[in-house]
Amino acid sequence: MSSIRTMGVSVTDVHTEALLPLGFEHTEPASTDDEGEKTWVYVQMTGSGAAQGDILMRVDAQPKSIGILAATALHSRLRILGIAQHVIAENSYGFILRRGIGSVKCGDDAALTVNAAFTTNGGTTAGRALTFGDGAEESVIGFCLIATGVGAATAKNAYINVGG
């Protein structure tokens, strides 16, 4: 099923100028892939580029949907904008996945554990996830569906559900 709707762009398109308002959400209906709906949010990338599976959070003190790679710490899931599902260059605009089946990179300290929740703390690498540990409930942003090796972003390895 096509991801082009009345908005006029695809969720995989990346542009050097904004074609939609920042924060615009688009929900793809469930399709024959049996993975359910996917909700995307339109953001501007800053600070660096993003790759498939990178976790993006809101820039400090910024109400707009401008994303940076999530710092190497636990963050409230409400600060997380979503997870990039394709490359978005620095200062470019595109959609990131806010809710649904997608890919997430695990931190370089440990692999993601299948059938376990994961958090925003990526160890020593920004924009990565680690398997959930007690006391970090507010940082849970998804559930690992396919075991993922250290630093990897296995295709469709996670159910993602962020709040920001």
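What percentage of the 164 residues of the protein chain count as buried? The share is 44%, where buried denotes under 20% relative accessible area, exposed over 50% and partly exposed the range in between (1.4 Å probe, protein chains only).

## Basis of the description

This is a predicted model, in which local features need pLDDT of at least 70, side-chain atom pairs count only at pLDDT 80 or more, and totals for chains, interfaces and linings use all residues. Residues are numbered from 1 along each chain as its sequence is written, and side-chain values use heavy atoms, with hydrogens and water left out.

## Overall architecture

The protein chain contains zero helices and 11 strands, giving the sequence pattern β-β-β-β-β-β-β-β-β-β-β. Helices (H or I, at least four residues) and strands (E, at least two) are DSSP runs, numbered from the N terminus. With a radius of gyration of 15 Å, close to the 15 Å of the globule rule for 164 residues, the chain is as compact as a globular protein of that length; the radius is taken over C-alpha atoms, and the rule is 2.2 Å times the number of residues to the power 0.38.

The C-alpha trace spans about 40 × 40 × 25 Å along its principal axes. Among contacts (heavy atoms within 4.5 Å) with a separation of 6 or more, 57% link residues 24 or more positions apart.

## Nonpolar cores

A nonpolar core is a set of buried Ala, Val, Leu, Ile, Met, Phe, Trp, Tyr and Cys residues joined through side-chain atoms within 4.5 Å. The largest one has 24 residues, and Ile55, Ile80, Phe95, Val104, Leu112, Phe118 and Ile141 have the most contacts inside it. At least two residues of this core come from each of strand 3 (38-45), strand 4 (55-58), strand 6 (80-83), strand 7 (93-102), strand 10 (140-144) and strand 11 (158-161). Strand 7 gives the largest share, three residues.

A second, separate core comprises nine residues, including Val41, Met45, Leu81 and Ile96.

## Glutamate 28

Glutamate 28 lies in strand 2 (residues 25-28). Although buried, glutamate 28 has no salt bridge, and the nearest side chain of opposite charge, lysine 38, is 5.2 Å away. A salt bridge requires a side-chain nitrogen of Lys or Arg within 4 Å of a carboxyl oxygen of Asp or Glu. The side chain of glutamate 28 does make a polar contact of 3.3 Å with that of tryptophan 40; such a contact is a pair of N or O atoms within 3.5 Å, where within protein one must be able to donate a hydrogen and the other to accept it, and residues adjacent in sequence count only if both atoms are side-chain atoms.

Definitions and conventions:
Lys, Arg positive; Asp, Glu negative; His and termini not counted.
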